[in-house]
Amino acid sequence: MKKWECTICGYIHEGDEPPESCPLCGAGPEYFKEVVEDAKRSVPLPSSAKNGAAETDSAALQQESSDAAPSGLTALILKFHLHPITVHTPNGVLPLALIFLFIAILFGIAGFEKAAFYNLIFVLLTMPVVLLTGYTEWQNRYKGLRSKIFITKIIASIVVTIILTIMVIWRFADPQIAESANRWVYLLLGIVMVGAVGLAGHLGGTLVHESRN
Ligand SMILES: [Zn+2]
């Protein structure tokens, strides 16, 4: 049985042919290279050279060979895994902010509302870094592949950023939001936002961890 490695995420497929698409990242067969075990390293063989469709592979192979080593800020972001590190801010703090907001609205405790507000501001300030490092990882490590998992992740992160911005501006405009008639709408925004954070985080975790099988 042959083994094929996804050059995008590192997923290993066993079979005579590469799969239609990578079950992890959605990359097509042209992104798979055969793993040559006895050489103890993977040799990039054109995946479909044997089935006579070598032309379709040339793009992927050219892309691979023309991949220059990233430099400057990009190299720094990739080397120190700045995206997985910085995403801990929204992933960790936003659910906490939502819990604070929930307590504040349910029990009318102003202190929790203030804590939630400060947390939202803090995360909003870190979002440019989270988005920049995420974009850099996608463009370099995952070659800007536009499969479902990456598109979903990008949409989820845009949803998070927009809702977060709305929530912060709304709170500045109406400091009494947690006591106003609109408080449940405000809380609902927070729930949708945390849902999107969870989705983006889950997909990111899938890419990072499940490819290292
Ligand atoms: Zn893959």
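A: Gladly! Let us begin with the idea of a donor: donors are N, O and S atoms within 2.8 Å of the metal. Keep in mind throughout that this is a predicted model.

Q: Which residues are the protein donors of the zinc ion, and how are they spaced in sequence?
A: The zinc ion has as its protein donors the SG atoms of C6, C9, C22 and C25, lying 2.3 to 2.4 Å from the ion. Along the sequence, these donor residues follow the spacing C-x2-C-x12-C-x2-C.

Q: What is the geometry of the site of the zinc ion?
A: For this we look at the angles among the donor atoms. Four donors count as tetrahedral if all angles lie between 85 and 135 degrees. Here the angles among the four donor atoms are 104 to 118 degrees, and the site is tetrahedral.

Q: Is C6 buried or exposed, and what about C22?
A: The cut-off to remember is that buried means under 20% relative accessible area. C6 has a relative accessible area of 1%, so C6 is buried. C22 is buried too, at 3% relative accessibility.

Q: Now the whole chain. How many helices and strands does the secondary structure come to?
A: There are seven helices and four strands. Reading from the N terminus, the order of elements is β-β-β-β-α-α-α-α-α-α-α. The chain has 213 residues, and 40% of them are buried. Its accessible surface comes to about 11,900 Å², with 64% of that belonging to carbon and sulfur atoms.

Q: Which residues of the largest nonpolar core touch the most other members?
A: This core has 29 residues, and those touching the most other members are L94, L101, L120, V160, L164, M167 and M193. Four helices each supply at least two residues of this core: α4 (88-107), α5 (110-140), α6 (148-173) and α7 (183-209). Apart from this core lies another, of 17 residues, including I8, Y142, L145 and I149.

Q: Can we zoom in on one member? What does L120 touch?
A: Leaving out residues up to four places away in sequence, L120 touches L94, A97, L164, M167, V168, Y186 and M193.

Q: Which residues of α6 are buried, and what covers them?
A: An α-helix has 3.6 residues a turn, so residues three or four places apart point the same way. In α6, the buried residues include I149, A156, V160, I163, L164, M167 and R171. Their cover includes α4, α5 and α7. In α7, the buried residues include Y186, G190, M193, V197, A200 and L207, and what covers the buried residues of α7 includes α4, α5 and α6.

Q: Is E113 buried or exposed?
A: E113 belongs to helix α5 and is buried, because its relative accessibility is 7%. Not counting residues up to four places away in sequence, E113 touches L101, A104, R171, P175, I177 and A178. E113 and A178 are 65 residues apart in sequence, yet 6.9 Å apart in space, C-alpha to C-alpha.

Q: Last one: where does K143 lie, and what is its phi?
A: K143 lies in the loop between α5 and α6. Its phi is near 55 degrees, a positive value in a residue other than glycine. K143 counts as buried, at 18% relative accessibility. H81, in the loop between α2 (72-79) and α3 (82-86), also has a positive phi, near 50 degrees, but H81 is partly exposed at 41%.

Terms used. Residues are numbered from 1 along each chain as its sequence is written. This is a predicted model: local features need pLDDT of at least 70, side-chain atom pairs count only at pLDDT 80 or more; totals for chains, interfaces and linings use all residues. Side-chain values use heavy atoms; hydrogens and water are left out. A nonpolar core is a set of buried Ala, Val, Leu, Ile, Met, Phe, Trp, Tyr and Cys residues joined through side-chain atoms within 4.5 Å. Buried means under 20% relative accessible area, exposed over 50%, partly exposed in between (1.4 Å probe, protein chains only). Contact means heavy atoms within 4.5 Å. Donors are N, O and S atoms within 2.8 Å of the metal (3.2 Å for Na, K and Ca); water is not among the atoms, so sites may look incomplete. Four donors count as tetrahedral if all angles lie between 85 and 135 degrees; four count as square planar and six as octahedral if opposite donors are over 155 degrees apart and all others between 65 and 115; anything else is irregular. Accessible areas come from the Shrake-Rupley method with a 1.4 Å probe; for residues, only the protein chains shown count as cover.
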